[in-house]
Amino acid sequence: MDKMPKWADVILTPLISLLLAMAISALVILAIGESPWLALKTMVDGALGSSYGWGFTLYYTTNFIFTGLAVAVAYHASLFNIGGEGQAAMGGLGVALVLLYLPLPHWILALPVAMAGAAMFGAAWALIPAWLQARRGSHIVITTIMFNFIAAALLNYVLVNLLRPVGSMDPASGRFPEATHLPKLSDIALGMGLEWGKNTPVNVTFIVAIIACLLVWLLIWRTRLGYEIRAFGRSEPGALYAGISPVRITVLAMLISGGLAGLMAINNVMGESERLVLNAVEGAGFIGIAVALMGRNHPLGVLLAALLFGFLYQGGGELALWTSIPRELIIVIQALVILFTGALDNMVRMPLERLFLSRRKRGAA
Amino acid sequence: MAGASEPAGGRPDGAAPPAIELRGISKAFGPVQANRNIDLAVPRGTIHGIIGENGAGKSTLMSILYGFYKPDSGEILVNGQPITISDSQTAIRAGIGMVFQHFKLVQNFTVLENVILGAEDGRLLRPSLAKARGVLKQLAAEYQLNVDPDETIEELSVGHQQRVEILKALYRQADILILDEPTGVLTPAEADHLFRILEGLRDEGKTIILITHKLREIMEITDNVSVMRRGEMVASVRTAETSPEELAELMVGRKVLLNVDKAPARPGAPVLEVRDLRLVDADGVERLRGIGFDIRAGEILGIAGVSGNGQTQLLELLGGYPEKGSRVSGSIRVHGQELDLTGTRSDAATRRARGIGHVPEDRQVEGLIMDFAAWENVAFGYHHAPKYNRGWLMDNDAIRKDAEGKIARFDVRPPNCHLAARNFSGGNQQKIVVAREIERNPDLLLIGQPTRGVDIGAIEFIHKRIVELRDAGKAVLLVSVELDEILSLSDRIAVMFDGRIMGERLPGQTTTGELGLLMAGITDTAHVPDDAGIPPGTPPHAEAAGDTA
């Protein structure tokens with residue numbers, strides 16, 4: 001029997017965790033002599049108070065949806081993919097190569113081709129750790145972490161030595177052709193006669209991300225492959241008994257996971273900077289872990305958690321801009337959110353379960 | 001059994017308070033009432049059996065006695081003194097010792113080190129070890145509890161490991177010994193020896209509580225027996241004044257057929273032919289050493305043996321998933337067609353496609369995904385079947401519908417296919433697995449420990465289904481450590497020991513004594529009286545000892 005209703009499990013628990021994290025954050029802000037109230041107000045105003053703020057929040061959200069989904073898919077196969085950072089970076093390389101070297105006349109055409117490039121590069125970067133795990137038993141946590149560093153070094157080399165336009169001092173690729181620039185959501189809004197989110201980076205990739213959530217949901221809960229991924233993730237001996245090949249599932253799950261992480265490059269590389277720069281991922285790969293954790297590895301949860309972290313990210317930037325609270329504090333707040341929603345989950349969950357059980361018992365008596 | 005049922009033991013000195021008395025113990029876990037108003041009195045110097053189906057509350061009750069759980073209400077008296085047992089340390093101080101079903105021993109420590117673990121006298125080990133050595137020697141002499149104190153646990157047989165557990169309890173001066181399903185892992189001979197030890201302990205005035213689901217053991221060794229059903233103590237009787245049938249009825253709450261009712265087999269053509277099957281596992285240990293047998297259509301071949309003698313490897317190999325890294329050779333034919341032993345077409349999916357159904361030994365790790373709902377588990381292993389799919393997607397409605405049908409036909413309780421598998425009792429979990437495998441109508445059914453941890457009512461049901469499958473002309477390979485089950489279900493019995501088949505017998509023409517000797521690796525069974533176990537102290541068979549070195 002379930003210990004408490006589903007809504008309490010998926011909504012109430014993270015919400016209380018979040019409130020606790022906010023309370024501790026407030027204490028920290030108090031301790032450095034600032035006003036928590038002002039900080040909260042700045043963050044909410046800056047991230048959600050205007051269409052401009054929303055434009056940035058949703059842009060970050062898009063990044064986190066992809067990296068969060070990447071972690072979630074692997075997690076269902078009981079694989080902890082910490083390599084989202086590197087896979088997203090390689091996805092960026094895939095996007096850059098496709099857009100720089102293929103003559104693509106229009107973004108409608110460029111988008112699917114670039115998506116294929118991004119997903120393929122991201123997946124390829126996940127393939128080697130997956131193969132090592134499946135065949136050699138090398139732990140995927142270790143190998144994916146190492147591959148983050150390799151990806152960073154490789155990108156450094158490629159940008160400095162191969163993709164950097166002649167005469168440029170900047171370790172970045174040349175600009176992508178004008179025709180392949182993705183429409184911003186603000187452009188689309190303008191097309192419908194609405195003034196929304198002017199000069200914000202959020203673009204059509206946000207819609208792609210929402211579709212990705214839906215597709216991942218279908219994959220995990222409606223397809224045979226998803227069934228096999230979940231079964232393998234819960235019990236490897238069970239998978240063997242059922243004729244599910246652990247090697248196949250490990251490789252496929254990591255390919256999908258790496259592909260999703262790579263797809264993030266559509267947003268930040270193709271949609272925003274419109275060229276490949278160093279460290280384009282900016283830690284989104286790691287935030288994806290927190291997003292998946294908080295979202296309980298469910299696409300809808302990932303979407304909501306990504307929105308929260310998008311808010312924290314944008315709000316944090318605003319905090320640094322308008323108050324004397326250092327930007328680093330936002331990392332503290334994010335860490336607290338991760339700590340409470342992830343690591344200390346049971347601290348909230350268990351008393352809640354007891355509460356619901358005793359209420360049910362009284363109801364039954 | 002003409003065994004050693006003495007006229008109910010114990011000393012009827014009415015004045016002495018019972019060693020243990022429980023008054024009105026209740027314990028609830030959330031909405032589940034695990035123990036309801038339990039009264040129990042165990043007289044000093046007796047062996048007291050507690051039986052009941054799975055989930056009847058036996059383990060909860062013993063956990064309360066040993067301080068793992070706090071009762072919601074009620075009173076515990078030890079030797080007439082009310083006490084509160086808040087943790088296992090209190091229980092030990094009150095003289096209560098527990099031998100768990102799964103031993104709690106450190107594998108690479110010696111016997112001596114395990115015995116003093118947690119009961120060291122000071123900072124330095126040497127004096128404790130010396131003291132323990134003396135005590136052990138004395139205990140060994142007193143109760144036939146012979147174990148080499150300097151052997152490491154991993155070198156010991158299961159029976160000896162169990163003795164270490166008993167020694168641990170006695171070293172901590174336990175007067176009251178609780179044993180939870182102690183014979184599940186023992187050969188009949190080892191079980192016999194254990195019972196002699198327990199009788200010796202009783203005669204020295206110790207009190208023993210024996211939790212078991214085996215009626216035969218209750219009848220053989222206990223003085224009194226208490227029956228639990230659905231959290232309540234439904235009866236406490238003198239063993240001499242009851243019968244297995246009565247106890248079974250008390251446990252289940254209705255009349256139960258203890259023996260399987262089946263017509264003689266009408267075997268047809270061979271379905272499975274196994275020849276010279278060998279398997280060396282990843283550690284280089286030879287697990288199967290040339291297994292060969294046939295099973296014909298309409299026949300149940302039972303494989304008896306103490307667990308760990310290669311039965312698991314045999315089932316896994318036939319089922320298509322030998323342990324990773326193991327090397328196999330030999331031949332398996334189904335309907336005369338050779339099966340691949342290695343490569344991509346040797347996996348479990350291919351075996352299923354060849355008409356082999358498999359109820360695995362460990363349903364909770366292999367047969368079911370415990371976090372999946374019952375309906376999802378109904379498709380497990382058959383999730384590629386056309387009837388469970390519609391194009392790219394799985395047809396969840398069809399699976400649910402099929403699951404509801406299976407749940408109804410196999411009387412799975414509660415009849416709710418949305419419940420996760422882990423929320424069903426052992427017997428109902430097993431019914432889900434058996435329903436799934438049998439209703440695929442396999443030509444050959446592999447079934448390992450079909451009723452391990454399954455309650456009596458469900459055992460009867462599962463046995464009937466197996467016999468029905470046989471009568472429908474299918475071949476069944478039954479692997480079980482329960483001799484009674486093997487004897488009552490099988491049409492032929494093969495005994496496995498140390499990766500070999502020691503011999504085949506017909507159930508009507510053999511005895512548990514003979515099978516017991518075969519299970520211990522002794523093939524010279526011609527001159528053995530029916531009920532003989534191995535007399536304590538007999539060295540193991542020379543060949544067997546050589547092989548396991």
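A salt bridge is taken here as a side-chain nitrogen of Lys or Arg within 4 Å of a carboxyl oxygen of Asp or Glu. By that rule the side chains of Arg216(B) and Asp484(B) meet in a salt bridge, with 3.8 Å from N to O, and the count between domain 1 of chain B and domain 2 of chain B is 1 salt bridge. The model is predicted, so that local features need pLDDT of at least 70 and side-chain atom pairs count only at pLDDT 80 or more, while totals for chains, interfaces and linings use all residues. Residues are numbered from 1 along each chain as its sequence is written, chains are lettered from A in the order in which they are written, and side-chain values use heavy atoms, with hydrogens and water left out.

Chain B is divided into domain 1 (20-252) and domain 2 (270-355 + 442-548), with bounds that come from an automatic or database domain assignment. Taken over C-alpha atoms, the centres of these two domains of chain B are separated by 32 Å. In contact, meaning heavy atoms within 4.5 Å, are 16 residues of domain 1 of chain B and 16 residues of domain 2 of chain B. The two domains of chain B bury about 1200 Å² between them, 63% of it on carbon and sulfur atoms, where buried area is the accessible area (1.4 Å probe) that two parts lose on being put together, summed over both.

We turn now to the interface between the chains. Here 32 residues of chain B are in contact with 23 residues of chain A, and the two chains bury about 2400 Å² between them, 59% of it on carbon and sulfur atoms. Of the area that chain B buries against chain A, 20% is supplied by Phe372(B), His383(B) and Met394(B), more than by any other three residues.

Across this interface of chain B and chain A the rule finds 2 salt bridges; one that can be named joins Arg234(A) to Asp371(B), whose closest N and O atoms are 3.6 Å apart. On the side of chain B that touches chain A, the residues comprise 13 nonpolar, 11 polar and 8 charged, given that Ala, Val, Leu, Ile, Met, Phe, Trp, Tyr, Cys and Pro count as nonpolar, Asp, Glu, Lys and Arg as charged, and the others, Gly among them, as polar.
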